[in-house]
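Notebook open, model loaded. I want to look up the nonpolar cores and then the sheet.

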Amino acid sequence: MASKKSIKSALESMMFVWGEPLDVKTAADVFNMNRQEIYDCFLELQKEYEQEGRGIVIREVNKAFQFVTREENADYIERLCTPVKARRLSQSALEVLAIVAYKQPVTKGEIEAIRGIKCDRVMDGLIKKELVCEKGRSDAVGRPILYGTTDAFLKNFGFSSLKELPPIDDLEGVMAADVEVEVEKDSDGNPIMEGQMKIEI
């Protein structure tokens, strides 16, 4: 006969995989043991979890037992499970993203030639947000990386394909309609005005 320690260990595993409350009768049948013995093991296990203040507790529901989270931790769980807030793209990111969308496949050098400034950090941010990705290599000297937009870009901006991109002449108006202006402050407390666009990711 298995030791009480091994039985309780097995009950933990069984509750974990079962999901629903594990009935004492069902557990007793698995061990081919008396229901009262298994019930007592459940109660001991429940007491051990409670005494140790675990984040998981064992709840009894009509002679069945299941794992549940500790009530005091509800706020933390809610924060974890709440959908991620909409991220914002800076005006610089929007400019680079627009160039990539309309010129793709395009190299960083070509983007920087159009904007007149470096775009390494902005590109890294767009890649991390999975809005831009590598599309191969250019045949130009040094074979620089070519970039293009992703399916996530289409999804977040409401396009089913690149064919739905607005005419480039209308781009400024389209962006202006979606851009929010937020007042931020620099390290000296001076306000910084930056156009930002909210997208769901």
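I count a contact when heavy atoms come within 4.5 Å. On that basis I find Val96 touching Ile111, Arg115, Cys119, Val122, Met123 and Leu126, leaving out residues up to four places away in sequence.

Ground rules: this is a predicted model, where local features need pLDDT of at least 70, side-chain atom pairs count only at pLDDT 80 or more, and totals for chains, interfaces and linings use all residues. Residues are numbered from 1 along each chain as its sequence is written, and side-chain values use heavy atoms, with hydrogens and water left out.

Next, the cores. A nonpolar core here is a set of buried Ala, Val, Leu, Ile, Met, Phe, Trp, Tyr and Cys residues joined through side-chain atoms within 4.5 Å; buried is under 20% relative accessible area with a 1.4 Å probe, protein chains only. The largest has 20 residues, and Val96, Ile111, Met123 and Leu126 have the most contacts inside it. Helix H5 (91-103), helix H7 (120-128) and helix H8 (151-157) each give two or more residues to this core. H5 gives the most, 7 residues. Apart from it I find another core of 17 residues, including Leu11, Ala27, Ile38 and Ile58.

Then the sheet. Helices (H or I, at least four residues) and strands (E, at least two) are DSSP runs, numbered from the N terminus, and two strands pair if DSSP finds at least two bridges between them. I get an open, antiparallel sheet of 3 strands in the order S1-S3-S2. Strands S1 (22-23) and S2 (56-60) stand at the edges with a single partner strand each, so one side of each lacks a neighbour in the sheet. S2 pairs with S3 (residues 64-69) over 5 bridges, antiparallel, and Arg59 stands opposite Gln66 in S3.

Note on methods
Buried means under 20% relative accessible area, exposed over 50%, partly exposed in between (1.4 Å probe, protein chains only).
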